[in-house]
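Please walk me through this structure, a piece at a time.

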Amino acid sequence: MEKNIKFPVVDLSKLNGEERDQTMALIDDACQNWGFFELLNHGIPYDLMDNIERMTKEHYKKFMEQKFKEMLRSKGLDTLETEVENIDWESTFFLRHLPQTNLYDIPNMSEEYRAAMKDFGKRLENLAEELLDLLCENLGLEKGYLKKVFRGTKGPTFGTKVSNYPPCPNPEMVKGLRAHTDAGGLILLFQDDKVSGLQLLKDGVWVDVPPLKHSIVINLGDQLEVITNGKYKSVMHRVMTQKEGNRMSIASFYNPGSDAEISPAQSLVGKESEYPSFVFDDYMKLYAGVKFQPKEPRFEAMKNAAATKDANPVAAVETF
C-alpha cells in the first residue's frame with residue numbers, strides 16, 4: 001500500500017458522542033471514494049467472533065481440507081507451472097439466513113457452530129440495517145428508504161459465504177479470488193486478522209485492506225451504486241494467495257429481495273440518470289455469467305433490456 005493512502009477505519013461508537021458529525025463524514029467519504037471501510041466497536045461481541053473463527057478453522061481442518069487437496073490434484077493445480085486465470089484458490093460453503101435459512105442442512109456442522117453462526121447472522125443483519133439507515137442520512141434520503149427498496153414484496157435476501165484460502169506454493173500463479181465487484185447491496189466481512197490477502201482497486205492501484213482484529217469490513221455492491229445514482233461506488237476487489245497461513249473469510253451479503261425493483265433514487269437524479277432500472281433477480285441472472293468482468297457493461301445491458309422491454313415485452317423476457 002502506498003504510504004500516503006490511509007484506509008478508512010470507522011469507530012462506530014463515536015456516533016453516540018461529540019464526534020458524530022466527523023464519523024458520518026468519514027463514512028460518506030469512504031462510500032464515495034473507496035467503496036469500502038472498516039468498522040470497529042460495531043457492537044458484535046468479541047467472544048462470539050473469537051468462537052466463530054476458532055470453529056470455522058476447525059471445521060475446515062476436519063471436513064474440508066482433504067477435499068480441497070483432492071480438488072487441487074484432480075485439476076493439476078498442486079503442481080502449477082503457468083498462471084491460471086479461470087479458477088479461485090479457495091474452499092467455501094454457503095449459508096442462507098433470509099428469507100429461509102439452510103443452516104440446519106449444512107453437513108458436519110456441530111450444534112455449537114450452528115448456534116454461533118445463527119447468532120452472528122442475526123447480529124450482522126441488524127448491523128446491516130443500521131448501516132443502511134446511516135447511508136440514508138448521509139444521502140439525504142428518508143430513514144428506511146434503502147431497507148424499503150431492498151425489501152421488495154418478500155423481504156431482503158441475506159446469506160454468508162464462509163471461505164478458507166489455504167497456503168499456496170506458487171501465489172504468483174493463481175488468485176485466491178479473482179477481481180470483481182459484488183452484485184448485491186451491503187457486504188459485511190469478518191476476515192482473518194493474521195493472514196492478509198484482500199485488496200481493492202483505488203485510482204488504478206491495488207490497496208491492501210488491513211486485517212484488524214475484531215473488525216467488520218464493509219463494502220458496497222452494485223445495487224447501492226445504482227440506487228445512489230453513482231454517488232456511492234462498488235469497487236473491484238480480489239484476494240491474493242499467500243505462501244504461509246490459512247486465511248479465513250466470512251462474508252455476509254445483505255441483498256435486495258429477488259423481486260425488488262431497483263432504480264436510482266429520484267432525489268439523487270438530475271435531468272437524467274445513466275443508471276438502469278430493473279428487477280434484482282434479472283440482474284443476478286446476468287451477473288452469474290460475467291462476475292469477473294467490469295460492471296459497466298452489466299449496467300448497460302440492463303438499460304438495453306429495459307428499453308427492449310418497453311418496445312417489445314415478450315422479447316425482453318427471453319433476454320435473461
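Is aspartate 203 buried or exposed? Aspartate 203 is exposed, because its relative accessible area is 71%. Buried means under 20% relative accessible area, exposed means over 50%, and partly exposed lies in between, with a 1.4 Å probe and protein chains only.

Some ground rules come next. This is a predicted model, in which local features need pLDDT of at least 70, side-chain atom pairs count only at pLDDT 80 or more, and totals for chains, interfaces and linings use all residues. Residues are numbered from 1 along each chain as its sequence is written, and side-chain values use heavy atoms, with hydrogens and water left out.

Back to aspartate 203. It lies in the loop between strand E7 (198-202) and strand E8 (205-208). Helices (H or I, at least four residues) and strands (E, at least two) are DSSP runs, numbered from the N terminus. Aspartate 203 is not a glycine, yet it has a positive phi of about 50 degrees. Most residues other than glycine have a negative phi, and most peptide bonds are trans.

Histidine 214 also has a positive phi, of about 65 degrees, and is not a glycine. Its loop runs between E8 and strand E9 (216-220). Histidine 214 is buried, because its relative accessible area is 14%.

A cis peptide bond joins leucine 98 and proline 99, with omega about 0 degrees. Proline 99 sits in the loop between E3 and H3.

Histidine 97 belongs to strand E3 (residues 91-98). With a relative accessible area of 16%, histidine 97 is buried. What lies 63 residues from histidine 97 in sequence but 7.7 Å away in space, C-alpha to C-alpha? That is threonine 160. The side chains of histidine 97 and threonine 160 are joined by a polar contact of 2.7 Å. A polar contact is a pair of N or O atoms within 3.5 Å; within protein, one must be able to donate a hydrogen and the other to accept it, and residues adjacent in sequence count only if both atoms are side-chain atoms. Leaving aside neighbours within four places in sequence, histidine 97 is in contact (heavy atoms within 4.5 Å) with Met117, Gly121, Phe158, Gly159 and Thr160.

Threonine 181 is in the loop between strand E5 (175-180) and strand E6 (186-191). Its relative accessibility is 1%, so threonine 181 counts as buried. Its side chain makes a polar contact of 2.9 Å with that of aspartate 222. Beyond four places in sequence, the contacts of threonine 181 include Ser234, His237, Tyr287 and Arg298.

Now the helices. Two packed helices are described by the angle between their axes and the distance between the axes. Helix H2 (residues 46-74) and helix H3 (residues 111-139) pack at about 130 degrees, with axes 10 Å apart. Axes are lines fitted to C-alpha atoms, for helices over the stretch in contact, and angles run from 0 to 180 degrees between N-to-C directions. H2 is therefore oblique to H3. Angles under 35 degrees count as roughly parallel, over 145 as roughly antiparallel, 65 to 115 as roughly perpendicular and the rest as oblique. Among the residues in this contact are Leu48 and His59 of H2, and Tyr113 and Arg123 of H3.

The axes of helix H1 (residues 20-33) and H3 come within 10 Å and cross at roughly 90 degrees. H1 is therefore roughly perpendicular to H3.
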